[in-house]
Structure formats: structure tokens, C-alpha cells
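Reader: I'd like to learn how to read a model like this one, from a chain down to a pair of helices. Could you walk me through it?

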Amino acid sequence: MSYRPTFFESLPKDYVLKKTAGVDPYVFSEDIAIAVDVVLATNRPLLVSGNPGSGKSRLADAVAAVQGWSLLAKTMTSRARLESLTVEVDQLRRLNDAQARGKGSGMRPDAYYLNPGLVWWAFQPETACRRGLSESDANNHRVSLPYPGTERISGSARHAVLLIDEIDKAEPDLPNDLLEPLDRRRFDLPEGFRVDGRSRITGGENISLLTIITTNGERELPQAFLRRCVMLELPDPEPDQLVRIGLKHIPNGDPDRIRKIADRLHTFRTKADDLRRRPPGTAEFLDAIHACEKLKIPVSDAPGSVWKKIENAILVKDTKA
Amino acid sequence: MTDETDRGEIHLGDLARALAALKWENDDQAKAIAACLGFALHTSPKPKPPVEIYDRQRYPSGERTPEQPPPERPLFVPPAPEAVPPLPANHLAGRIQPLPERAPAAPDDSAWLQEGDALYSAEEQTAVARQPLFLERTSRHIVSAALGTLRSGAEIDEAKLISAICRREPIPELPRRPEATLELGCQLLLDYSASMVPFWEDLNGLIGQVGEVMGEGNTRVYSFDTRPTEAVCWTPEGEREPWQPEGRPVLAATDFGIQGRSGRAQPDSAWRIFAERCRQAGVPLVILVPWPRARWPLDLGGCPELVHWNAHTSASTIRKKIGLGHRIG
């Protein structure tokens, strides 16, 4: 690994994030290091593609841990909308409060009913935790929301990695809706609402944000969106790389066994392409080596062996076998 | 980190900024930086093999080669061939006899024939570029507009809400404005009749275009010959499954047997039955017709939406006809 990152300078020289409390090890490649460095240099989102189990979502966790930044993550569904990422208004609660309290008696401020989304938390965590209320109002109404992710504070800075996972699961319009918040680093509040006297939330001057978006390629993304993202494709690791990853996860593991499982995985990937099945990913490989190490199971081709059952359950996943 | 200007798409300035700011040491690293920003000089991607024209003689292998095992869940399997007439039960006497030797035919080395051969190189047979009926850059939006259904959205319907408050009605649930969704997927019915032969490639391409937007798992592909009521698909077990409405939009592609003739088409009577079945089931029916409106049949019953299957059709054209989305049920 000859490339030495400029902005992603916290990356260890051996490109390996070692296992720490709450974070699994991650083996970076030079391509990943370059892509993250480019993202930090250009302030663009990083769009990560690759086969399921190739480590796309884990990359955000690993980058956040290396940088010592907070991690905010949300997995998209067909119901996901821009508002669920920026800000929503709890209208029903507001109405019920209005009816229950009666006219003019102890009405709560409007911002009390704002539910901040992850983009708000990434841009302005200090206002998000009080729903945009002033500090005195937040104290009076006892508003103090917990951080909705893994919080890491280095000094006074609250930099964050924002993971928008599996964006292809969302409705096709969502990527286009995300363009403005990600591009201009701001979004408008719902009509009539204000935070600190302003009608929009903007990214803090002293906060760095790294946005990582993942896609499984299930649905094609709009060209306008793609042209605004830095692209990174995570290839399936070769057997040598798999062994390296495996030994980082299980430092005391049996290298021969890990090597055999890596070779099997490689074989299945080749066959999977021919059989038009989903190839097993790195995540499945890690499951297999963890299972074999903990259960002390040798890799054996004997029919009916325990390994064969594990192989079928974790790597092949053929329910008809 | 705030930036009040719209930076737009990634441009050369981003590349220059990245190359100036980062400590790259060799050409490969510079290339990798450029590639992240979309400035890579890639070799041409490996072209996808063209989808072969539907051939009923190849049933049941479909588009597969004999060496390939069957896919777990084929997206599309052509319909069964016509039944082979029964052979006579009795055995007919027959003998194979050698034919008398014949003089070999004189090679025809006419000059005009060789000139003709010279025009065609057996090694270089480039496929003629073909423009699909829905262009790649617009097909995504067209499919979204044609097959979106309405669901209760996230936006609150203030008018209904205020009305309920004014009437002092209880509000057990917030009234919400409808929004379009593709979550229901669709049924895709393709007419592989003889009159559609010029469009078979487009039919095959349509499977991909719809699958890309709706998701392959949400797209059920049926085929039929002239009569949509006889449309079938094949289960992964190879069983024939006739079409029936299942609560999701139906997109059919057909020419109603127009075959380029002028005047209004007189479609098979099955189309009226088919449209009526869709209406009764409460599923929207959109029909793509590769011929212009002047040739479409006047009355199909069941209120299907007919769309000109043509490169000039846009998503906005369809939204004007359909609106935000279809209502199911």
C-alpha cells in the first residue's frame, strides 16, 4: 500500500482497523483509501456499490472509527422519504396537545413538535438534540433527545459519517430529493417553523461530514445523482485477501482452515455466476470461519460431514439440498 | 462546510482540487483518483449478449443454452409449442438404399458471385444499431409514471384535517395526501403473436426496462399470442400458470393485430373480456401500442389506458393521462 492519504490520515499504515470496543476489524484497500481521501478533499458523497456482503455498510462504521467521528446510519425502505432524513412534524401530537390544553393555556412552542432526522443531526447536532428549541425553552419543556447513532466527540468538534444504506430500496425519486441537502448542505424547515430565527438548517462551519451511500444495484439510480457522487465499487476479495481479513477477525484462528474456507468461497463464487445464483460474500465467509473456529470443525469433503452442513447453511444456502 | 452556491455535478474543478490536495505518487494513484470522480478512461464495457428473438421451437429451454442449468426463477419463459399431431400406431415398412453416385457439381466461380461475397466478411458481422421504442434515458420515468399506484402519503391533507377540526369530529388518524409508489410491482403481458414480429426485440427489451425500475422480483412476466386472456407464465418448477389479476397494475404490450394497416383496429374479442376482468378486479391496465393513436381500437371496455409505444412518448404525457398514480381496488 504505497498511497498515503492526506485527509484520511488517521488510517493506519497497514490499512487495517484493529478490533476495538464495539467496532469489528476492517481491512481497507488502496482503492478505498483513495476514494475516502477524494471524498474528504471534494466534499462529495461517496456512493459505494458491490455485491451483498462485500462490506459496503461496514465501511462507514470503519471510516467513522478510524477518523474518531460519530456515525449516523439509516437503512432505506420503500417508505423512506426526504423528510424522514431531514425533519418531520408530529402534527397529531400537536393537535391533541392543542385540544387537550384548550385555547391559550400553556401552549408549547411550535418547534416542540419537530422530529429531527439524521441529516439534521449531522448538520447541527446541538440544535437537533433540543428539536430546534431555544436553550431556555428546551430546559423549560425538558427536551433533550439522545444521539441517534454512535457518538464520538473529539474536543469541541462533532464531525460525523452519515450512512444512507441501500438507497436502491427507496422510491426512485428519493435520490433526486437528496441532491440539495447533500450538495448545498442545507434543507428547509417545514413552512412556518423556525430554528434560531432561521427557516432552514445548514451544516455547521466547524463540522466535517462524510456521507456514504450504498447500493446493491437492484435499481438503477438517476444519472443526475450519480454525477454528483464519488464512486467506489467494492470487488469481491481474492482468497489471499480473504485470509488476511479472516486472520484480522480471528487472530488466533487456524490459518490452514481459514485458507481452505477462503478457497471454497472462491469456488462457490465462480459456480454461482454459472448457476445464476447470488455469490456468497465476505460476510458469509466471516460467518463460516467464526462457526468453524468456535465449533472446532475441520473442512472436510466427506459426504454428510458437519462442514458440509455448515457449507450449505452459510455459503451455498441451497434450501433444496 | 457550508456552501451557498449550487456546486452541481462533479466537474474538472473537483478533479483539479483533488489532484492538488492529495499526495499521489504515481500515475496509477492519479488514475484511481480520477476514476473515483468519473474521469477514468475505461475500455469499452463488455457488451451484453443481445436478447435472442423469441423462438417457440426452443421451448422449454427459453434463452438458456443446453449446458446451463435452469435458473431458479426465470423472469420469462416462452409459451408451450403447439401440440405435435399423433403418429400412426402401425409401423410402415421402409428400407434405406444407397443413391447412385452423381457427378459433383461444378464450382460456381462467377465473378459477380465473388464480388457479392467480398461485401460480407464472415468474421466481421456487426449488428445494426437499433433504437428501442422507449429510449434508455426516458424509459425509467415512463415506467414509473405508467405503473405508479397511489397510497396514503406522508403529507398531511390540511383541508380534510381542518374540516374535521371545525366539525369537532374525532381524529383517530391523520388524513394524508396520496403519493405514488411502485411497491406493488406489476404484471407484464407481452404479445408474441405473428403481427408483433417486428417488435419482438422491443418486447424482450421491455422486460429489462420494467424490471430495472420495478425490481425483477416485483415483475411477473406473461406471454400470449393475440388473446391476452390466454396469457401464461411458467413457475420455477416449469408449470404453466395462467394469468389472473392479482392486485397489481397490468402492463400489456400489443399491436392489436394492426400490422401497419391504416384505419381503426378490430382487436380480438378477448381484449374486451381481458379489460373487463381487470376492471372488475380493480387493477389498472396500461396497454403499450407501437402504432399511432389513429389506428387504435375505439372501444375496448374496462377503461384501459393506451400509450403510444414510441420514442417520443414522455413521462409527462403519461402523467397527463393517468395523473399522479393509479388507484387500486
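Author: Gladly! Helices here are DSSP runs of H or I with at least four residues, and strands are runs of E with at least two. On that basis, chain A of this predicted model has 13 helices and 11 strands.

Reader: What share of the residues of chain A count as buried?

Author: A residue is buried if 20 or more other C-beta atoms lie within 10 Å of its own. Of the 321 residues of chain A, 42% count as buried. As for contacts in chain A with a separation of 6 or more, 72% come from residues 24 or more positions apart.

Reader: Now the interface: how many residues of chain B are in contact with chain A?

Author: On the chain B side there are 35, in contact with 41 residues of chain A. The elements of chain B giving two or more residues to that side are α1 (12-21), α2 (27-36), α4 (136-147), β1 (149-156) and α6 (200-214). By type, the chain B side has 17 nonpolar, 6 polar and 12 charged residues.

Reader: And how should I read a helix pair?

Author: Two packed helices are described by the angle between their axes and the distance between the axes. Take α1 (residues 30-42) of chain A and α2(B): the angle is about 60° and the axes are 9 Å apart. Therefore α1(A) is oblique to α2(B). Their crossing is right-handed.

Reader: Which residues make the contact of α1(A) and α2(B)?

Author: From α1(A) come A:D31, A:I34, A:A35 and A:V38, and from α2(B) come B:Q29, B:A32, B:I33 and B:C36. This contact counts 6 nonpolar residues, 1 polar and 1 charged.

Methods. Residues are numbered from 1 along each chain as its sequence is written. Chains are lettered from A and ligands numbered from 1 in the order in which they are written. This is a predicted model: local features need pLDDT of at least 70, side-chain atom pairs count only at pLDDT 80 or more; totals for chains, interfaces and linings use all residues. Two residues are in contact if their C-beta atoms, placed from the backbone, lie within 7 Å. Ala, Val, Leu, Ile, Met, Phe, Trp, Tyr, Cys and Pro count as nonpolar, Asp, Glu, Lys and Arg as charged, and the others, Gly among them, as polar. Axes are lines fitted to C-alpha atoms, for helices over the stretch in contact, and angles run from 0 to 180 degrees between N-to-C directions. Angles under 35 degrees count as roughly parallel, over 145 as roughly antiparallel, 65 to 115 as roughly perpendicular and the rest as oblique. A crossing is left-handed if the near helix is turned anticlockwise from the far one by less than a right angle, and right-handed if clockwise. A residue is buried if 20 or more other C-beta atoms lie within 10 Å of its own, exposed if 12 or fewer, and partly exposed in between; C-beta atoms are placed from the backbone.
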